[in-house]
Amino acid sequence: MTEILVFCETNEDQLDSTAGELLAAGQKLSSELSLPVSAVIFNPNPDMVLQAGSLGADKIYKVTDPKFQQKTDEIYTHGLFEACKQINPTVILAGKTTLGRNVAARTAYRLKSTVAQDCMDISGDKNSGLISVKRPVYGGNAQAVFTFTNPLNQVVILRVKTFEPLPLDKSKTAEEIDLVISMPEPKLKVIDIVKQEFEGVRLEDAAVIVGGGRGLGGPEAFVQLEELAKILNGAVGASRAVCDAGWLDHSYQIGLTGKTVTPDLYITIAISGASQHMAGCSASKNIVAINKDGDANIFKEASFGVVGDWEQILPSFTATARELTQS
Amino acid sequence: MNIVVCVKQVMDPDTPISAFIVDEAEKKVIPAQGIPPVVNGYCENAVEAALQIRDQQGEGTITILSLGTDFVMDVMKKPLSMGADKMILIQDESASNLDASGIVNVLSAAINKISDVDLVLCGQQASDWDNAHIPMGLAENLELPCITSALNIEHTEDKLIVQSALPDGYQTFEAPLRSLITVNNLFGEPRYPTLKGIMQASRKSPEIWSIDDLGISKSDLEPSIILSELKIPVSEGNCEIIEGEDDADSGRLLALKLREEKII
């Protein structure tokens with residue numbers, strides 16, 4: 001057994017918010033396996049290195065190459081694979097981000113190892129070095145525990161916001177190692193990148209989300225959801241059915257195949273709470289449900305709810321919320 | 001152009017929760033009585049992508065490839081009814097014992113056996129085990145460039161122009177024809193089979209292969225991860241239901257309650 005390697009993603013000139021979560025998960029495993037936690041950062045700046053150290057990395061591998069400015073699966077898979085070949089980690093942790101999940105999975109197969117994705121918990125056995133993970137399957141209808149069979153290059157992709165980052169400990173510094181990796185020309189050429197303009201609060205960052213389901217009957221209803229979201233300084237989200245029906249575009253979709261959100265308050269209106277949807281919002285601090293079907297699954301997940309017709313409930317809820325928050 | 005689309009037969013994801021039963025001792029989901037399985041949703045999106053590429057080209061062969069144990073032929077023929085040309089089913093009792101790496105090794109051996117494959121298309125993930133990494137394992141095994149979550153695929157002479165979804169936008173890749181692309185619901189609705197398509201599909205019979213036909217070494221089928229527990233999660237279910245004189249009153253009381261709890 002060697003070490004626990006965390007693939008720390010970066011965002012512009014800082015570490016991605018998932019880095020702290022993964023390092024915290026790494027530290028949990030570290031205490032179980034008695035192994036050090038190391039981080040690999042591609043094109044790091046000194047701030048990122050300091051931050052990774054104070055968030056729990058014992059050792060930091062720095063890989064620098066202009067090719068990593070282009071964030072494609074192909075380039076980062078090559079980078080992570082080559083790093084792992086030099087390090088031979090016992091465990092590799094990555095976050096379930098667009099880049100992280102693809103890069104980690106491909107790295108696992110290239111290493112002739114395997115991967116567990118969308119994990120909600122992780123533990124290690126000290127004697128064998130084998131990792132067990134807990135993950136939802138069947139769209140969240142069931143929960144499975146999987147155990148690896150070989151204690152080398154066990155790749156685990158953790159669901160975002162599953163672990164709380166450790167408090168910053170600025171007195172902690174990590175050992176720094178430069179890794180040299182030769183980068184081939186990529187087979188895929190990026191022609192362009194189009195970023196959608198976004199007004200208001202981003203769904204992923206929102207402290208309050210007002211979400212709507214197919215039970216709203218049509219796209220017009222979302223005007224009322226927008227109004228409530230505005231009063232509460234929140235964002236609007238939707239179920240997959242709403243987005244598939246074309247009422248809103250897919251950037252609004254919350255769920256297993258949409259966005260994972262973790263607001264303080266998630267107000268669901270005419271959302272039944274299918275496992276597929278809950279997979280994207282179950283870590284919300286408070287869920288409030290407005291639904292006409294008292295047996296809907298959402299009431300099992302919500303802390304407060306009203307059973308009835310949303311067209312009657314929502315206007316008076318919004319009006320009262322406006323009075324309360326403006327007073 | 002030869003396109004292979006990997007598809008999977010899964011339990012209907014719209015099976016009501018009351019009919020979703022787990023045998024914890026056997027670590028298996030019991031198929032719901034009277035609810036037939038379906039072709040995995042994203043796999044249908046991948047079939048649609050293949051059909052659109054063939055439509056653009058005016059020629060090409062689409063082969064559907066699937067691995068499983070208990071195929072229901074009426075279900076599995078749907079991609080043929082949609083317009084795919086051929087179907088190969090690897091029907092093998094031992095398939096249910098394979099882990100993801102084993103599945104990847106079987107499917108990649110099968111794709112190698114189908115001659116002159118250009119493009120491989122896969123649904124992003126299956127709604128049963130939600131692994132979402134079988135396509136990536138195939139790309140690695142077959143050493144193909146891999147693009148995930150395609151929004152649009154355009155075939156121009158000797159290359160593909162593919163838009164791939166990002167959390168807040170998309171990026172466009174230029175890829176060689178020999179690539180692997182994953183597709184999900186963002187690609188767009190799969191077409192409905194036409195009556196003509198259904199008639200044509202009824203006359204086609206799938207080729208049935210077994211894992212032994214593929215010459216895979218035993219060690220490539222050994223699991224690298226094992227399922228050690230499977231259960232239905234218990235939800236707390238302690239929702240406080242707010243009831244007023246009528247629905248409008250309930251809405252008002254709900255807002256007051258959330259204020260009292262310092263939630264808004």
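Thr18(A), Glu21(A), Leu22(A), Gly95(A), Leu158(A), Arg159(A), Val160(A), Thr162(A) and Phe163(A) form the lining of the largest cavity in this predicted model. The space inside that cavity comes to about 40 Å³, and the structure as a whole holds 1 cavity of 30 Å³ or more. Helix 1 of chain A, which spans residues 17-33, supplies the largest share of the lining, with 3 residues. By residue class, the lining of the largest cavity divides into 4 nonpolar, 3 polar and 2 charged residues.

Strand 1 of chain B, residues 2-6, is mostly covered, since 4 of its 5 residues are buried. This strand runs parallel to strand 6 of chain B (residues 61-68), to which it is joined by 5 bridges, and within that pairing Cys6(B) stands opposite Leu65(B). Strand 1 of chain B also pairs in the parallel sense with strand 8 of chain B (residues 119-123), here over 4 bridges, and Leu119(B) in strand 8 is the bridge partner of Ile3(B).

Turning to charged side chains, a search of the whole structure finds 27 salt bridges over all chains.

| Asp205(A) | Arg202(A) | 2.8 Å |

In the chain A pair, Asp205(A) is exposed, with a relative accessible area of 53%, whereas Arg202(A), at 34%, is partly exposed.

Arg191(B) lies in the loop between strand 13 (180-183) and helix 6 (195-203) of chain B, while Asp55(B) belongs to helix 1 (residues 41-57) of chain B, so the pair ties together parts that are 136 residues apart in sequence. Arg191(B) counts as partly exposed at 29% relative accessibility, and Asp55(B) is partly exposed with a relative accessible area of 46%.

For the remaining pair, Lys257(B) is buried, with a relative accessible area of 15%, whereas Glu261(B) is partly exposed at 38%. Both residues belong to a network of salt bridges that links Glu240(B), Lys257(B), Glu260(B) and Glu261(B).

How values were computed: Residues numbered from 1 in each chain as written. Chains lettered and ligands numbered in written order. Predicted model: local features only at pLDDT ≥ 70, side-chain atom pairs only at ≥ 80, totals over all residues. Heavy atoms only, no water. Buried < 20%, exposed > 50% of the residue type's maximum accessible area, 1.4 Å probe, protein only. Helix = DSSP H or I, 4+ residues; strand = E, 2+ residues; numbered from the N terminus. Pairing = 2+ DSSP bridges. 1 Å grid on protein atoms, 1.4 Å probe; cavity = no way out; pocket = protein on both sides within 12 Å on 5 of 7 lines; lining within 4 Å. Points joined across faces, edges and corners; volume = space filled by probe spheres on them. Nonpolar A, V, L, I, M, F, W, Y, C, P; charged D, E, K, R; others polar. Salt bridge = Lys/Arg side-chain N within 4 Å of Asp/Glu carboxyl O.
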